[in-house]
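Please read them with the structure open beside you.

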Amino acid sequence: KIIDLNPFEDPKTGKKYMYFCHDLGKSLGVTESNIYVIELNDDYTANYNEVYRLTSPNQLDLETDADQKMNEGSVNEAPYMVYNEKSGLYYLLYSANSYNQKTYSVRVAVGESPIGPFKKLSQEEGGFLLYAESHWSWASGTGHCSVVNQNGQDYIVYHAHQDRVNGNSIRG
């Protein structure tokens with residue numbers, strides 16, 4: 001099943017893309033959620049010849065086979081693409097871990113193209129944009145984001161659990 005569709009028009013080239021997650025579905029044999037992108041035609045129809053997998057849980061990048069112990073569980077979902085004109089780089093914001101866990105978080109991967117390859121940034125590199133530790137009582141489940149601009153200032157909008165102590169609650 002496909003979830004979390006997010007459109008993006010590349011400001012450099014004008015090309016259109018749709019980012020999405022191929023979600024868990026153990027009954028379907030899918031044991032992890034991965035993020036993909038598909039190139040769109042000018043009329044926003046899908047170009048099925050241009051589909052690329054961008055992330056896999058606990059892998060720094062798709063060239064690295066080994067589990068990197070990134071504490072992402074089996075989930076990479078909720079993609080949101082941001083282009084930074086100053087650096088010329090593309091920032092893939094994505095969520096790791098399951099939405100019902102306290103450690104559901106927004107992470108960052110960086111690439112030179114909207115179709116990758118992308119390298120996930122470590123916590124030390126600023127790659128944990130929003131997160132909560134399991135023992136924290138002031139934040140829980142901070143994930144699945146969008147970025148909005150108002151009056152020239154960017155803001156991140158995201159879900160979080162209303163019960164910050166116990167997590168796994170209604171999200172606001």
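1. Not counting residues up to four places away in sequence, Tyr19 touches Asp4, Leu5, Asn6, Phe8, Tyr36, Val37, Leu54, Pro79, Met81, Leu92 and Pro114, where contact means heavy atoms within 4.5 Å. This is a predicted model, in which local features need pLDDT of at least 70 and side-chain atom pairs count only at pLDDT 80 or more, while totals for chains, interfaces and linings use all residues. Residues are numbered from 1 along each chain as its sequence is written, and side-chain values use heavy atoms, with hydrogens and water left out.

2. Tyr19 is also among the residues with the most contacts inside the largest nonpolar core, which has 14 residues; the others named are Phe8, Leu54, Met81, Tyr90, Leu92 and Phe118. A nonpolar core is a set of buried Ala, Val, Leu, Ile, Met, Phe, Trp, Tyr and Cys residues joined through side-chain atoms within 4.5 Å, and buried means under 20% relative accessible area, with a 1.4 Å probe and protein chains only.

3. At least two residues of this core come from each of β2 (16-22), β3 (34-40), β5 (76-84) and β6 (89-96), strands being DSSP runs (E, at least two residues) numbered from the N terminus. The most is given by β6, with four residues.

4. Apart from this core lies another, of eight residues, including Tyr80, Leu93, Leu121 and Leu130.

5. Asp61 is found in the loop between β4 (46-55) and β5, and it counts as buried because its relative accessibility is 17%. Asp61 touches Phe118 and Lys119, again not counting residues up to four places away in sequence; Asp61 and Lys119 are 58 residues apart in sequence, yet 5.0 Å apart in space, C-alpha to C-alpha.

Methods: Buried < 20%, exposed > 50% of the residue type's maximum accessible area, 1.4 Å probe, protein only.
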